[in-house]
Amino acid sequence: MEKILILDFGGQYNQLIARRVREQHVYAEIRPYNKVRLEEVKRYAGVIFTGGPNSVYDQSAPHFDPAIMTLGVPVLGICYGAQLMAWMAGGKVSGAEEASEYGKTCLHLKGSLLWKDIPEESVCWMSHTDHIREIPKGFRITAYTDKCTCAAMADETRKLYAVQFHPEVTHTVYGKQMLRNFLFDICGCTGEWRMEDFVRRSVAAYREKLQGKKVLLALSGGVDSSVAAVLLHKAIGHNLVCVFVDHGLLRKDEADFVERTFREKFDMNLRRVNAQDRFLQKLSGVTEPEKKRKIIGEEFIRVFEDEAKKLGKVDVLVQGTIYPDVIESGAGEASVIKSHHNVGGLPDVIAFDEILEPLRELFKDEVREVGTQLGLPKELVWRQPFPGPGLAVRIIGEITQEKLDTLREADAIFRKELEASGAQSNQYFAVLTDLRSVGVKGDARTYGCTVVLRSVTTDDFMTAEWTRLPYEVLEAASNRITNEVSGVSRVVYDITSKPPATVEWE
Ligand code: XMP
């Protein structure tokens, strides 16, 4: 299969580069620069050196074997990658404040295959302090800006290309065309990477590899584990056992929907474990958010372990890891704001021979495409993110059955009203606070609880804006919740962005 190697030197746009390449239907793999052997490079149609925060002339800066430039495999160096190429080929790189550029910059091009179908003058995105001061032998300058005499260079006989700017970001107006030129005209790619092929190849490969094996998967009802489940089910049918732990902290009707979908629509070997009481008992009296999260994470593992024991020896454990998880797991630990609950602890307690991660090559939108192709319902494929600890982190204070019932109703109403209005939001839900306030119903005084409506607009959930929802949506939700959900006397809307707040309340 034709693929592009993205050699990772620590740049912040690496995933974006991979996305841009895959958008052209060419498969791209990001690999750390120090984990790739020179001989392996020959297997790729082309290589992209990413940007990075270092200066090439620092002793500790990430470097690669210069022999990569003699393999005949085309290379495109971006930002730090461009400087690295210059440095490896014998040119000179230096840092100078007056040559540094940041932001949109006017770019002037001088004939190169990389610029096919691109005007001589356009806008590019720059972000650098160091620059190529002297180009290496065999190269010529192919672009410049007002401050940077070498904004791009190339040795076209060796198919080596370097750009100081970032073609992968949309601010570089012709960036997409530049990447297309690199992939198709320089690397000779054909652009045949398709999700249908991924599905077909995976199903065929797993059918053969997993013949007669007992395969276990923890199904949460989230997008990733659902898609992994259907993919493997297609390959090995009932040899895949899916365990769905209902911890009683899901949204209204959600657990039944998950069960119906997988049991009836897909005829899966599904085991639903109704563990609501176990979780409620463990959570009884607990009010501290991190403690709640820990308890739920641990109890989830215990329940799963108990169920797995009934199955006897398991050969393969499947995990719904996706590509961003793979890349991010290599990164250093940032400070823990919230301990996110995934099924990460399972491998330690289940006896099995092998872990399988069928989606580890895919980005989220690609996972969704696979899910759609496999016939998963829209509600599942496009499901908004939902935290592993579920409603437990949306009820402030102690969790009780009564509070769960109240929140479920309020949340369902809000979601329905928002969806019916067509308003755009990336995540929207209700929170039940432990705040009571006075109200009036008929002629009587009430003293009920306060529900918060939360809706955020975001690309990546790392930062988020509160959504400017139409008043009509808020009004309809508020009216219905106070009328239809007993015990609620007040509804408020959360107008805090992230940061300083987080998306979830706990
Ligand atoms: P925060 O609250 O950290 O949420 O701003 C960012 C995104 O992550 C989701 N979230 C979780 N997802 N396990 C998950 O799988 C968790 O424990 C968890 N906590 C928060 C949250 O819903 C939002 O989309």
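Modeller: Contact here means heavy atoms within 4.5 Å. By that criterion, and leaving aside residues up to four places away in sequence, L435 touches G448, C449 and T450. Please bear in mind that this is a predicted model.

Colleague: Which domains does the chain assignment give?

Modeller: The assignment lists domain 1 (3–186), domain 2 (195–381) and domain 3 (400–493). Between the C-alpha centres of domain 1 and domain 3 there are 49 Å.

Colleague: How should I read a sheet, and what is the strand order in the open sheet of 9 strands?

Modeller: Strands of a sheet pair through backbone hydrogen bonds, in either a parallel or an antiparallel manner. In this case the order is β2-β1-β3-β4-β11-β10-β9-β6-β7, and the pairing is mixed. The edges are β2 (27–32) and β7 (121–128), each of which pairs on one side only. On average, neighbouring strands of this sheet are turned by 25° against each other, direction ignored.

Colleague: In which sense do β9 and β10 pair?

Modeller: Strand β9 (residues 140–144) and strand β10 (residues 152–155) are antiparallel, with 3 bridges. A143 has A152 of β10 as its bridge partner. Helix α3 (residues 80–88) lies across β3 (46–49), β4 (75–78), β7, β10 and β11 (160–163), at about 120° to β4.

Colleague: What is the order of the open sheet of 5 strands, and is its pairing parallel or antiparallel?

Modeller: The order reads β14-β13-β12-β15-β16, and the pairing is parallel. Its edge strands, pairing on one side only, are β14 (269–274) and β16 (354–356). From one strand to the next the twist averages 25°. Strand β12 (residues 215–219) and strand β13 (residues 240–246) run parallel and are joined by 5 bridges; A218 stands opposite V243 of β13. Helix α7 (residues 254–265) lies across β12, β13 and β14, at about 165° to β14.

Colleague: How does one describe a pair of packed helices, and at what angle do α5 and α12 pack?

Modeller: Two packed helices are described by the angle between their axes and by the distance between the axes. For helix α5 (residues 195–209) and helix α12 (residues 364–373) the angle is about 70° and the axes are 10 Å apart. The two are therefore roughly perpendicular. The crossing of α5 past α12 is right-handed. M195, E196, F198 and V199 of α5 meet E366, E369, V370 and Q373 of α12. By class, this contact has 4 nonpolar, 1 polar and 3 charged residues.

Colleague: At what angle do α6 and α12 pack, and is the crossing left-handed or right-handed?

Modeller: Helix α6 (residues 223–236) packs with α12 at about 45°, their axes 9 Å apart; the two helices are therefore oblique to each other. The crossing is left-handed. On the α6 side the contact is made by V223, D224, V227 and L231, and on the α12 side by K364, V367, R368, V370 and G371. These residues divide into 5 nonpolar, 1 polar and 3 charged.

Definitions and conventions. Residues are numbered from 1 along each chain as its sequence is written. This is a predicted model: local features need pLDDT of at least 70, side-chain atom pairs count only at pLDDT 80 or more; totals for chains, interfaces and linings use all residues. Side-chain values use heavy atoms; hydrogens and water are left out. Domain bounds come from an automatic or database domain assignment. Axes are lines fitted to C-alpha atoms, for helices over the stretch in contact, and angles run from 0 to 180 degrees between N-to-C directions. Helices (H or I, at least four residues) and strands (E, at least two) are DSSP runs, numbered from the N terminus. Angles under 35 degrees count as roughly parallel, over 145 as roughly antiparallel, 65 to 115 as roughly perpendicular and the rest as oblique. A crossing is left-handed if the near helix is turned anticlockwise from the far one by less than a right angle, and right-handed if clockwise. Ala, Val, Leu, Ile, Met, Phe, Trp, Tyr, Cys and Pro count as nonpolar, Asp, Glu, Lys and Arg as charged, and the others, Gly among them, as polar. Two strands pair if DSSP finds at least two bridges between them.
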